[in-house]
Amino acid sequence: MTAPLNHDNRALQPALEVCGLSRSFSVGGGLLRQGKILRAVDDINLSVRRGESLGIVGESGSGKTTLSRMMLGLMKPTNGVIKIDGRNIANIDRLELARKIQPIFQDPYSSLNPRKTIGQIIRLPLEAHGIGTSKDRDEAIEQIMEQVGLPLRLQHSYPSQLSGGQRQRVAIARALVVKPEILICDEPTSALDVSVQAQILNLLTDLRAAFNLTYIFITHDLGVLDYMADRVAVMYMGRIVELGPARKILAAPDHPYAQALLSSILTPDPHLDLPDLSLAQGFPDPLNPPTGCSFHPRCAKARDICCTKPPPVTRAQDHLIECHLHPLELHP
Ligand code: SF4
(Lines give C-alpha, C1' and ligand atoms only; values in the text may rest on other atoms or scores of the structure.)
Protein backbone atom coordinates (compact mmCIF):
# COMPACT_ATOMS: atom_id res chain seq x y z
CA MET A 1 0.00 0.00 0.00
CA THR A 2 1.22 3.50 -0.78
CA ALA A 3 2.04 5.55 2.31
CA PRO A 4 -0.01 8.71 2.66
CA LEU A 5 1.80 11.83 1.54
CA ASN A 6 2.42 14.74 3.82
CA HIS A 7 1.92 18.23 2.42
CA ASP A 8 5.61 18.80 1.72
CA ASN A 9 6.37 15.77 -0.42
CA ARG A 10 2.99 15.98 -2.13
CA ALA A 11 3.82 19.51 -3.26
CA LEU A 12 7.13 18.30 -4.68
CA GLN A 13 5.62 15.37 -6.54
CA PRO A 14 4.37 15.83 -10.11
CA ALA A 15 0.58 15.95 -10.34
CA LEU A 16 0.69 13.53 -13.26
CA GLU A 17 3.39 11.24 -14.60
CA VAL A 18 3.30 9.10 -17.70
CA CYS A 19 6.05 6.46 -17.94
CA GLY A 20 6.68 4.35 -21.06
CA LEU A 21 3.03 4.57 -22.04
CA SER A 22 1.86 2.71 -25.13
CA ARG A 23 -1.48 1.66 -26.51
CA SER A 24 -1.84 -0.61 -29.53
CA PHE A 25 -4.92 -1.89 -31.31
CA SER A 26 -5.25 -4.99 -33.45
CA VAL A 27 -7.07 -4.04 -36.65
CA GLY A 28 -8.66 -6.34 -39.22
CA GLY A 29 -8.01 -9.62 -37.42
CA GLY A 30 -10.32 -12.65 -37.38
CA LEU A 31 -10.58 -16.12 -35.95
CA LEU A 32 -7.80 -17.49 -38.13
CA ARG A 33 -6.06 -14.32 -39.10
CA GLN A 34 -3.93 -12.04 -37.03
CA GLY A 35 -4.77 -8.36 -37.37
CA LYS A 36 -2.34 -5.57 -38.06
CA ILE A 37 -1.05 -3.60 -35.09
CA LEU A 38 -1.86 0.08 -34.87
CA ARG A 39 0.32 1.90 -32.35
CA ALA A 40 -1.92 4.80 -31.29
CA VAL A 41 0.40 5.84 -28.45
CA ASP A 42 4.00 4.71 -28.55
CA ASP A 43 6.25 4.84 -25.47
CA ILE A 44 5.37 8.28 -24.12
CA ASN A 45 7.06 9.79 -21.07
CA LEU A 46 5.67 12.93 -19.52
CA SER A 47 5.56 14.71 -16.21
CA VAL A 48 3.16 17.54 -15.36
CA ARG A 49 3.81 19.74 -12.35
CA ARG A 50 1.08 20.64 -9.88
CA GLY A 51 -0.67 23.79 -11.03
CA GLU A 52 0.93 23.59 -14.49
CA SER A 53 -0.96 23.78 -17.79
CA LEU A 54 0.33 21.47 -20.52
CA GLY A 55 -0.93 21.94 -24.08
CA ILE A 56 -0.99 18.93 -26.41
CA VAL A 57 -1.21 19.56 -30.14
CA GLY A 58 -1.12 17.33 -33.22
CA GLU A 59 -3.12 16.28 -36.25
CA SER A 60 -6.06 13.88 -35.99
CA GLY A 61 -4.62 10.42 -35.56
CA SER A 62 -1.58 11.67 -33.63
CA GLY A 63 -2.72 9.86 -30.45
CA LYS A 64 -3.90 12.85 -28.36
CA THR A 65 -7.34 11.42 -27.68
CA THR A 66 -6.06 7.92 -26.87
CA LEU A 67 -3.55 9.47 -24.46
CA SER A 68 -6.22 11.54 -22.71
CA ARG A 69 -8.60 8.57 -22.45
CA MET A 70 -5.87 6.55 -20.74
CA MET A 71 -5.14 9.44 -18.34
CA LEU A 72 -8.83 9.48 -17.42
CA GLY A 73 -8.78 5.72 -16.80
CA LEU A 74 -11.25 5.14 -19.64
CA MET A 75 -8.81 2.96 -21.57
CA LYS A 76 -6.09 0.62 -20.32
CA PRO A 77 -2.56 1.02 -21.66
CA THR A 78 -0.90 -1.86 -23.46
CA ASN A 79 2.32 -0.95 -21.67
CA GLY A 80 3.49 1.64 -19.20
CA VAL A 81 2.15 3.42 -16.18
CA ILE A 82 0.21 6.61 -15.42
CA LYS A 83 0.66 8.03 -11.93
CA ILE A 84 -1.34 10.71 -10.19
CA ASP A 85 0.22 12.01 -6.97
CA GLY A 86 2.74 9.19 -7.33
CA ARG A 87 0.08 6.45 -7.41
CA ASN A 88 -0.43 4.14 -10.37
CA ILE A 89 -3.97 4.82 -11.57
CA ALA A 90 -4.37 1.12 -12.34
CA ASN A 91 -4.54 0.69 -8.55
CA ILE A 92 -7.05 3.49 -7.97
CA ASP A 93 -10.71 2.60 -8.22
CA ARG A 94 -12.81 4.42 -10.78
CA LEU A 95 -14.73 6.64 -8.37
CA GLU A 96 -11.60 7.70 -6.51
CA LEU A 97 -9.87 8.43 -9.82
CA ALA A 98 -12.81 10.59 -10.93
CA ARG A 99 -12.24 12.75 -7.84
CA LYS A 100 -8.68 13.36 -8.98
CA ILE A 101 -9.02 13.91 -12.73
CA GLN A 102 -12.01 15.16 -14.70
CA PRO A 103 -12.62 15.90 -18.39
CA ILE A 104 -14.11 18.97 -20.04
CA PHE A 105 -15.25 18.12 -23.56
CA GLN A 106 -15.61 20.14 -26.72
CA ASP A 107 -19.38 20.02 -27.03
CA PRO A 108 -21.06 20.74 -23.70
CA TYR A 109 -24.52 20.08 -25.13
CA SER A 110 -23.88 16.43 -25.95
CA SER A 111 -22.24 15.84 -22.55
CA LEU A 112 -25.21 17.19 -20.53
CA ASN A 113 -28.34 15.09 -19.98
CA PRO A 114 -31.13 17.11 -21.66
CA ARG A 115 -33.78 15.68 -19.29
CA LYS A 116 -32.06 16.83 -16.09
CA THR A 117 -32.07 20.34 -14.65
CA ILE A 118 -28.78 22.16 -14.18
CA GLY A 119 -29.01 21.63 -10.41
CA GLN A 120 -29.54 17.87 -10.91
CA ILE A 121 -26.63 17.66 -13.38
CA ILE A 122 -24.19 19.31 -10.95
CA ARG A 123 -25.56 17.30 -8.02
CA LEU A 124 -25.11 13.92 -9.69
CA PRO A 125 -21.33 13.55 -9.11
CA LEU A 126 -21.82 14.46 -5.42
CA GLU A 127 -24.44 11.72 -5.10
CA ALA A 128 -22.34 9.20 -7.06
CA HIS A 129 -19.39 9.84 -4.73
CA GLY A 130 -21.55 9.99 -1.59
CA ILE A 131 -20.21 13.44 -0.76
CA GLY A 132 -22.02 15.35 2.00
CA THR A 133 -25.59 15.47 3.20
CA SER A 134 -28.40 16.77 1.02
CA LYS A 135 -27.95 20.22 2.58
CA ASP A 136 -24.17 20.10 1.99
CA ARG A 137 -24.85 19.26 -1.65
CA ASP A 138 -27.26 22.19 -2.02
CA GLU A 139 -24.56 24.49 -0.65
CA ALA A 140 -21.84 22.97 -2.83
CA ILE A 141 -24.00 23.43 -5.95
CA GLU A 142 -24.68 27.08 -5.12
CA GLN A 143 -21.02 27.72 -4.38
CA ILE A 144 -19.70 26.17 -7.57
CA MET A 145 -22.39 27.87 -9.70
CA GLU A 146 -21.26 31.18 -8.29
CA GLN A 147 -17.61 30.35 -8.90
CA VAL A 148 -18.20 29.52 -12.58
CA GLY A 149 -20.44 32.58 -13.09
CA LEU A 150 -23.83 30.87 -13.41
CA PRO A 151 -26.86 32.68 -11.93
CA LEU A 152 -28.44 30.50 -9.23
CA ARG A 153 -31.88 30.77 -10.85
CA LEU A 154 -30.55 28.53 -13.67
CA GLN A 155 -30.57 25.57 -11.24
CA HIS A 156 -34.09 24.81 -12.37
CA SER A 157 -33.46 25.27 -16.11
CA TYR A 158 -32.64 22.58 -18.65
CA PRO A 159 -29.54 22.54 -20.90
CA SER A 160 -31.63 23.43 -23.97
CA GLN A 161 -32.63 26.71 -22.26
CA LEU A 162 -29.00 27.82 -21.85
CA SER A 163 -26.55 29.45 -24.23
CA GLY A 164 -23.46 27.54 -25.41
CA GLY A 165 -21.24 29.46 -22.99
CA GLN A 166 -23.57 28.77 -20.06
CA ARG A 167 -23.65 25.07 -20.94
CA GLN A 168 -19.86 24.94 -20.91
CA ARG A 169 -19.93 26.65 -17.50
CA VAL A 170 -22.30 23.89 -16.30
CA ALA A 171 -19.87 21.24 -17.62
CA ILE A 172 -17.04 22.97 -15.76
CA ALA A 173 -19.12 23.21 -12.57
CA ARG A 174 -20.02 19.53 -12.79
CA ALA A 175 -16.33 18.62 -13.22
CA LEU A 176 -15.15 20.86 -10.36
CA VAL A 177 -17.85 20.09 -7.81
CA VAL A 178 -15.94 16.97 -6.69
CA LYS A 179 -12.76 19.08 -6.31
CA PRO A 180 -10.43 17.26 -8.73
CA GLU A 181 -6.74 18.18 -9.01
CA ILE A 182 -6.44 17.78 -12.77
CA LEU A 183 -8.70 18.83 -15.65
CA ILE A 184 -8.29 17.40 -19.13
CA CYS A 185 -9.72 20.05 -21.44
CA ASP A 186 -10.36 18.62 -24.91
CA GLU A 187 -10.97 21.55 -27.28
CA PRO A 188 -13.12 23.19 -24.55
CA THR A 189 -13.93 26.34 -26.54
CA SER A 190 -13.97 25.21 -30.16
CA ALA A 191 -17.77 24.67 -30.23
CA LEU A 192 -18.42 28.17 -28.86
CA ASP A 193 -18.87 31.56 -30.51
CA VAL A 194 -15.65 33.52 -30.71
CA SER A 195 -17.05 36.16 -28.34
CA VAL A 196 -17.73 33.49 -25.68
CA GLN A 197 -14.43 31.62 -26.09
CA ALA A 198 -12.42 34.33 -24.33
CA GLN A 199 -14.86 34.34 -21.38
CA ILE A 200 -14.49 30.58 -20.89
CA LEU A 201 -10.69 30.77 -21.18
CA ASN A 202 -10.62 33.59 -18.63
CA LEU A 203 -12.83 31.53 -16.35
CA LEU A 204 -10.53 28.50 -16.67
CA THR A 205 -7.54 30.74 -15.90
CA ASP A 206 -9.24 32.13 -12.78
CA LEU A 207 -10.30 28.66 -11.59
CA ARG A 208 -6.80 27.32 -12.08
CA ALA A 209 -5.43 29.99 -9.78
CA ALA A 210 -8.26 29.64 -7.26
CA PHE A 211 -8.02 25.83 -6.95
CA ASN A 212 -4.36 25.30 -7.95
CA LEU A 213 -5.62 23.08 -10.76
CA THR A 214 -3.39 21.23 -13.19
CA TYR A 215 -4.55 21.42 -16.82
CA ILE A 216 -3.96 19.21 -19.82
CA PHE A 217 -5.17 21.22 -22.81
CA ILE A 218 -5.82 19.41 -26.09
CA THR A 219 -6.41 21.93 -28.82
CA HIS A 220 -5.94 22.84 -32.46
CA ASP A 221 -6.12 26.51 -31.63
CA LEU A 222 -2.82 28.33 -31.44
CA GLY A 223 -4.43 31.25 -29.61
CA VAL A 224 -5.71 28.89 -26.90
CA LEU A 225 -2.29 27.29 -26.53
CA ASP A 226 -0.63 30.68 -26.35
CA TYR A 227 -3.07 31.89 -23.70
CA MET A 228 -3.41 28.76 -21.59
CA ALA A 229 -0.32 26.57 -21.87
CA ASP A 230 2.89 26.80 -19.84
CA ARG A 231 4.43 24.00 -21.89
CA VAL A 232 3.46 22.46 -25.22
CA ALA A 233 3.84 18.85 -26.38
CA VAL A 234 3.67 18.24 -30.13
CA MET A 235 2.50 14.71 -31.02
CA TYR A 236 3.00 12.83 -34.26
CA MET A 237 1.96 9.22 -34.86
CA GLY A 238 1.73 8.36 -31.20
CA ARG A 239 5.02 9.99 -30.17
CA ILE A 240 5.89 13.30 -28.57
CA VAL A 241 8.31 14.78 -31.09
CA GLU A 242 8.88 18.09 -29.33
CA LEU A 243 8.11 19.30 -25.82
CA GLY A 244 9.10 22.53 -24.17
CA PRO A 245 8.04 25.90 -22.78
CA ALA A 246 5.04 27.28 -24.68
CA ARG A 247 6.74 30.58 -25.50
CA LYS A 248 9.70 28.70 -27.06
CA ILE A 249 7.67 26.09 -28.97
CA LEU A 250 5.10 28.56 -30.28
CA ALA A 251 7.66 31.19 -31.30
CA ALA A 252 10.41 29.00 -32.74
CA PRO A 253 9.82 25.23 -32.79
CA ASP A 254 12.83 23.11 -33.73
CA HIS A 255 11.26 19.89 -34.95
CA PRO A 256 10.40 20.00 -38.68
CA TYR A 257 6.92 18.62 -37.99
CA ALA A 258 6.28 21.15 -35.21
CA GLN A 259 7.40 23.90 -37.59
CA ALA A 260 4.98 22.75 -40.31
CA LEU A 261 2.13 22.16 -37.87
CA LEU A 262 2.40 25.43 -36.03
CA SER A 263 2.80 27.48 -39.19
CA SER A 264 -0.40 25.98 -40.60
CA ILE A 265 -2.48 25.82 -37.44
CA LEU A 266 -3.74 29.37 -37.75
CA THR A 267 -6.97 28.10 -39.22
CA PRO A 268 -9.91 30.41 -38.68
CA ASP A 269 -12.23 27.45 -38.09
CA PRO A 270 -11.06 25.07 -35.37
CA HIS A 271 -13.77 22.56 -36.37
CA LEU A 272 -11.78 21.86 -39.49
CA ASP A 273 -9.04 19.34 -39.16
CA LEU A 274 -5.62 20.81 -39.56
CA PRO A 275 -5.24 22.14 -43.08
CA ASP A 276 -2.75 20.85 -45.59
CA LEU A 277 0.56 21.33 -43.87
CA SER A 278 2.35 22.10 -47.14
CA LEU A 279 4.12 18.82 -46.62
CA ALA A 280 5.20 16.58 -49.44
CA GLN A 281 2.68 13.85 -48.58
CA GLY A 282 -0.46 13.34 -46.53
CA PHE A 283 -0.61 11.62 -43.14
CA PRO A 284 0.88 8.11 -43.49
CA ASP A 285 -1.12 4.93 -43.00
CA PRO A 286 -0.74 4.19 -39.27
CA LEU A 287 -1.10 0.46 -40.03
CA ASN A 288 2.00 0.67 -42.23
CA PRO A 289 4.10 3.33 -40.52
CA PRO A 290 7.24 4.51 -42.28
CA THR A 291 10.54 3.01 -41.16
CA GLY A 292 13.10 5.14 -39.32
CA CYS A 293 11.59 8.50 -38.40
CA SER A 294 7.86 8.16 -39.04
CA PHE A 295 7.81 11.74 -40.32
CA HIS A 296 10.49 11.18 -43.00
CA PRO A 297 8.17 10.82 -46.07
CA ARG A 298 6.80 14.32 -45.34
CA CYS A 299 9.94 16.00 -44.07
CA ALA A 300 11.76 18.45 -46.33
CA LYS A 301 14.88 18.08 -44.17
CA ALA A 302 15.02 14.27 -44.16
CA ARG A 303 18.43 12.63 -44.66
CA ASP A 304 19.29 9.04 -45.50
CA ILE A 305 19.54 8.08 -41.84
CA CYS A 306 15.97 9.31 -41.26
CA CYS A 307 14.59 6.56 -43.53
CA THR A 308 16.18 3.72 -41.61
CA LYS A 309 16.91 4.71 -38.03
CA PRO A 310 14.43 6.02 -35.44
CA PRO A 311 15.63 9.42 -34.22
CA PRO A 312 17.05 9.76 -30.71
CA VAL A 313 15.30 11.72 -27.99
CA THR A 314 17.43 14.67 -26.91
CA ARG A 315 16.78 16.63 -23.74
CA ALA A 316 18.26 20.02 -22.98
CA GLN A 317 17.01 21.56 -19.75
CA ASP A 318 13.23 21.65 -20.14
CA HIS A 319 13.22 21.08 -23.90
CA LEU A 320 12.84 17.68 -25.57
CA ILE A 321 13.10 16.92 -29.27
CA GLU A 322 13.06 13.69 -31.26
CA CYS A 323 14.96 14.27 -34.48
CA HIS A 324 18.28 13.26 -36.08
CA LEU A 325 19.08 16.87 -36.90
CA HIS A 326 19.07 18.70 -33.64
CA PRO A 327 21.15 17.12 -30.90
CA LEU A 328 24.20 19.27 -31.68
CA GLU A 329 22.18 22.44 -31.77
CA LEU A 330 20.63 21.58 -28.43
CA HIS A 331 24.05 20.83 -26.93
CA PRO A 332 26.31 23.53 -28.40
FE1 SF4 B 1 12.89 15.11 -40.48
FE2 SF4 B 1 14.84 13.32 -40.09
FE3 SF4 B 1 14.17 14.97 -38.12
FE4 SF4 B 1 12.54 13.00 -38.86
S5 SF4 B 1 14.56 12.75 -37.95
S6 SF4 B 1 11.97 15.11 -38.43
S7 SF4 B 1 12.84 12.95 -41.06
S8 SF4 B 1 15.06 15.53 -40.12
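Which residues line the largest cavity? In this predicted model, a search of the whole structure turns up two cavities of 30 Å³ or more. The largest cavity holds about 80 Å³ of space. Its lining is made up of His255, Pro256, Cys293, Phe295, His296, Cys299, Lys301, Ala302, Cys306, Cys323, His324 and Leu325. Sorted by class, the lining of the largest cavity comprises eight nonpolar residues, three polar ones and one charged one.

Two or more lining residues come from each of strand E2 (36–48), helix H2 (64–71) and strand E10 (239–245). Strand E2 is the element that gives the most to the lining of the largest pocket, with five residues.

The elements that supply two or more residues to the lining of the second largest pocket are helix H3 (94–98), strand E6 (101–104), helix H5 (118–128) and helix H7 (164–176). Of these, helix H3 gives the most, with four residues. The lining of the second largest pocket divides into 11 nonpolar, two polar and two charged residues.

Ser53 sits in strand E3, which spans residues 53–57. Is Ser53 buried or exposed? Ser53 counts as buried because its relative accessible area is 0%, and the cut-off for a buried residue is under 20%. What does Ser53 touch, leaving aside residues up to four places away in sequence? The contacts of Ser53 are with Arg208, Tyr215, Phe217, Met228, Ala229, Asp230 and Arg231.

Technical notes:
Residues numbered from 1 in each chain as written. Predicted model: local features only at pLDDT ≥ 70, side-chain atom pairs only at ≥ 80, totals over all residues. Heavy atoms only, no water. Buried < 20%, exposed > 50% of the residue type's maximum accessible area, 1.4 Å probe, protein only. Contact = heavy atoms within 4.5 Å. 1 Å grid on protein atoms, 1.4 Å probe; cavity = no way out; pocket = protein on both sides within 12 Å on 5 of 7 lines; lining within 4 Å. Points joined across faces, edges and corners; volume = space filled by probe spheres on them. Nonpolar A, V, L, I, M, F, W, Y, C, P; charged D, E, K, R; others polar.
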